[in-house]
Amino acid sequence: MFVKQISVFLENKPGKLFQVTQVLKEHNIDISAISVADTTEFGIARMIVDKPDLAEDVIKAAKFPVSTTDVLAVEVPDTPGGLNDALKVLFDASISVEYLYSFIKRNGDKALILFRVENPTKAVEVLQSAGIKLYSNEEINSL
């Protein structure tokens, strides 16, 4: 149960993120989640979109370095400790979290968090065994 993430490498200059989102807008591609991390020289925009294959193609055509990665879309209660409970399941299984960020969209009273982990297959197994719901691209697009 993986979700395809688009990662775009951007020079840390005014307008670069705008140019990428403009390309997505022109192709009617909806962003469900976005995270931007930067250094003094460059940044990485990580996004979940409704048409990941098209997004990759049009971003590449716009001359931006782009790649895709599988991440986990994890549902957690939107209450104090909701995220902590999911992290505990991964900690108990000795699975390291490389990074995470949240969705713009929500499912009722649940928060949706994107996880990039060191062992995605094992993470899926332990999270589902703990009764934690994982979402597919199709489920996210239907919210």
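## Helix α2 and Glu-56

Helices here are DSSP runs of H or I, at least four residues in length, numbered from the N terminus. Glu-56 is found in one such run, helix α2. The model is a predicted one.

Is Glu-56 buried or exposed? Its relative accessibility is 16%. Buried means under 20%, so Glu-56 counts as buried.

An α-helix has 3.6 residues a turn, so residues three or four places apart point the same way.

What covers these buried residues?

## Two positive phi angles

Lys-63 follows α2. This residue sits in the loop that links α2 (52-61) to β4. Its phi is positive, about 75°, although Lys-63 is not a glycine. Lys-63 counts as exposed because its relative accessibility is 73%, and the cut-off for exposed is over 50%.

Ser-94 is another non-glycine residue with a positive phi, here about 60°. Its loop runs between α3 and β5 (97-102). With 59% relative accessibility, Ser-94 counts as exposed.

## The largest nonpolar core

The largest nonpolar core has 18 residues. Which of them touch the most other members? They are Leu-72, Val-74, Leu-90, Ile-95, Phe-115, Val-117 and Leu-127.

A second core is separate and holds 15 residues. Val-23, Leu-24, Val-49 and Phe-64 are included in it.

## Contacts of Leu-72

Leu-72 belongs to the largest core. What does Leu-72 touch, not counting residues up to four places away in sequence? Its partners include Met-1 and Phe-2. Ile-113, Leu-114, Phe-115 and Val-117 are also on the list. Pro-120, Ala-123, Val-124 and Leu-127 complete it. Of these partners, Phe-115, Val-117 and Leu-127 are, like Leu-72, among the core residues that touch the most other members.

Technical notes
Residues numbered from 1 in each chain as written. Predicted model: local features only at pLDDT ≥ 70, side-chain atom pairs only at ≥ 80, totals over all residues. Heavy atoms only, no water. Core = buried A, V, L, I, M, F, W, Y, C linked by side-chain atoms within 4.5 Å. Buried < 20%, exposed > 50% of the residue type's maximum accessible area, 1.4 Å probe, protein only. Contact = heavy atoms within 4.5 Å.
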